[in-house]
There are 2 protein chains.
Amino acid sequence: MNYLKHIIILRNFLSHIAFDSVIFGFSGEKLKILIMKYHNTGLYALPGGFVDLNENLNDAVRRGLKERTGLDNIYLEQFYTFGDVARYKPEIMQTILEANGKSLEENHWMLERFISVAYYALINYDKVVPTPDTLSDSCTWYAVDELPNLMLDHREIVQRALKTLGENLDKKLVGANLLPTRFTIPTLQKVYEAILGEKLNRTAFQRKILSLGILKRHEKEYSGKAHKAPYLYSFESEAK
Amino acid sequence: MNYLKHIIILRNFLSHIAFDSVIFGFSGEKLKILIMKYHNTGLYALPGGFVDLNENLNDAVRRGLKERTGLDNIYLEQFYTFGDVARYKPEIMQTILEANGKSLEENHWMLERFISVAYYALINYDKVVPTPDTLSDSCTWYAVDELPNLMLDHREIVQRALKTLGENLDKKLVGANLLPTRFTIPTLQKVYEAILGEKLNRTAFQRKILSLGILKRHEKEYSGKAHKAPYLYSFESEAK
């Protein structure tokens with residue numbers, strides 16, 4: 001081993017470690033995620049952040065989610081840590097710092113190489129108030145099939161989040177957290193289709209989803225046309 | 001943000017980032033992993049390492065695996081990044097450095113807080129020559145149900161590797177990489193039982209595993225008692 005490299009760092013955060021969050025919501029029959037736009041740069045990115053020296057990684061991510069969405073107790077899964085050298089592009093961070101009038105010298109640690117631990121979150125779209133941070137002028141929902149160009153490897157992070165979400169789709173909580181407490185089977189099918197990126201057969205979907213034994217059917221409430229309304233379901237144990 | 005903290009680091013590696021590998025092999029009807037023992041400390045640990053400044057994270061892990069096992073092209077999965085503050089115990093690293101006559105000043109970066117990106121590897125036990133590194137006097141197979149006390153959170157890392165491995169068990173490659181090219185169903189059942197930590201019903205296992213459609217049965221070769229020998233199988237596409 002050689003110890004050739006001098007690096008002087010002034011900061012409160014763990015150097016070289018970032019996190020990025022793919023925050024999923026479901027609205028207008030579309031699966032959507034929150035995207036930040038940085039001031040005066042045209043750069044779009046996933047919400048993310050850094051880990052305080054005395055903070056658990058998972059707590060840092062929850063802190064970031066709370067800042068962007070206003071929500072606590074979000075369903076959250078770590079899914080992959082991105083550590084390629086190719087994702088090191090200091091000129092992009094330099095552009096963002098300069099566009100915000102930040103000192104490059106004081107923030108030099110942000111120009112170093114980062115690995116990023118990626119998480120996906122599933123939230124009830126209607127409960128969120130998206131809030132930008134000090135470096136960005138918007139934090140906005142985008143449908144996953146209509147994303148702007150994302151900086152660095154953030155597109156790849158989204159793709160991998162979608163893939164993991166698809167693999168975990170039949171776990172109870174995955175669906176529960178994207179939907180209101182009670183929902184119809186056709187609405188649940190729309191969520192599945194949005195995540196999987198394909199149309200599903202209605203009858204086969206209904207048969208499969210009911211066979212999992214995780215849905216509870218509720219009695220229709222009386223109304224003049226109640227007999228035509230679809231049944232409402234909830235997940236067996238409402239862990240929301 | 002405050003920039004209160006001065007840290008001066010001299011090294012070739014990314015500070016604060018480590019990796020740990022749970023290297024699985026199967027022998028004597030037991031699932032085993034490789035464990036290092038550090039010189040003169042009584043400390044046992046998973047094989048791991050650090051990421052060079054100009055090295056991809058995944059390449060660093062493959063480099064570490066090659067050094068410990070002599071093997072290239074190992075089946076490898078990243079499964080979780082451990083980032084709790086509670087895993088920061090500089091006194092343990094100090095003990096290891098001192099027991100090896102290493103300068104604490106020169107190696108001060110090793111006394112900082114690390115997050116660890118954890119991987120599991122699946123290898124053919126018979127092909128491995130376990131090799132210790134310069135800080136350890138052994139690198140040895142231990143059955144997962146007979147592990148020594150492991151330092152830091154390494155026991156938790158092993159538990160999570162086992163859980164993930166169990167969840168991925170029906171993926172073709174998981175089994176393929178722990179077994180020789182041709183194997184019997186009872187041997188495959190032993191692998192499953194070792195990973196899941198429970199006995200499985202022989203008939204049910206055989207029915208389930210054959211129903212996956214990923215096994216190819218080979219004709220028995222002629223021998224005096226061939227008709228009593230169990231059939232040999234291999235995975236459909238021998239991707240090993």
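Modeller: Let's take Lys32(A). Skipping its neighbours within four places in sequence, Lys32(A) is in contact (heavy atoms within 4.5 Å) with Ile23(A), Phe24(A), Gly25(A), Ser27(A), Tyr125(A), Trp141(A), Tyr142(A), Ala143(A) and Val144(A). Before going on, some bookkeeping: this is a predicted model, where local features need pLDDT of at least 70 and side-chain atom pairs count only at pLDDT 80 or more, while totals for chains, interfaces and linings use all residues. Residues are numbered from 1 along each chain as its sequence is written, chains are lettered from A and ligands numbered from 1 in the order in which they are written, and side-chain values use heavy atoms, with hydrogens and water left out.

Lys32(A) sits in strand 3 of chain A, residues 30-38. Helices (H or I, at least four residues) and strands (E, at least two) are DSSP runs, numbered from the N terminus. Lys32(A) is buried and yet has no salt bridge. Buried means under 20% relative accessible area, exposed over 50%, and partly exposed in between, with a 1.4 Å probe and protein chains only. A salt bridge is a side-chain nitrogen of Lys or Arg within 4 Å of a carboxyl oxygen of Asp or Glu. The nearest side chain of opposite charge to Lys32(A) is Glu146(A), 7.3 Å away; Lys and Arg count as positive here, Asp and Glu as negative, and His and the chain ends are not counted.

Now look at Lys30(A), which does form a salt bridge, with Asp145(A), at 3.2 Å between the closest N and O atoms. Lys30(A) belongs to strand 3 and Asp145(A) to the loop between strand 8 (136-143) and helix 3 (154-167) of chain A, so this pair ties together parts that are 115 residues apart in sequence. As for accessibility, Lys30(A) is partly exposed at 28%, and Asp145(A) is exposed at 54%.

Elsewhere in chain A, Lys199(A) pairs with Glu193(A), the closest N and O atoms being 3.9 Å apart. Here the lysine, Lys199(A), is exposed at 71%, whereas Glu193(A) is buried at 10%. There is also a network of salt bridges linking Glu55(A), Arg63(A), Glu67(A) and Arg68(A). Over all chains, the salt bridges number 20.

Zooming out, UniProt has an unreviewed entry that places the feature "domain: Nudix hydrolase" at residues 14-164 of chain A; such annotations may be inferred rather than shown by experiment. That stretch, residues 14-164, is 23% helix and 36% strand, with its end C-alpha atoms 27 Å apart. The domain assignment gives domain 1 (3-168) and domain 2 (174-235) for chain A, with bounds that come from an automatic or database domain assignment. Taken over C-alpha atoms, the domain centres are 32 Å apart, and 13 residues of domain 1 are in contact with eleven residues of domain 2.

For chain A as a whole, there are six helices and ten strands, and the C-alpha atoms fill a box of roughly 75 × 40 × 30 Å along the principal axes. Of its 240 residues, 50% are buried. Among contacts in chain A with a separation of 6 or more, 72% are between residues 24 or more positions apart.
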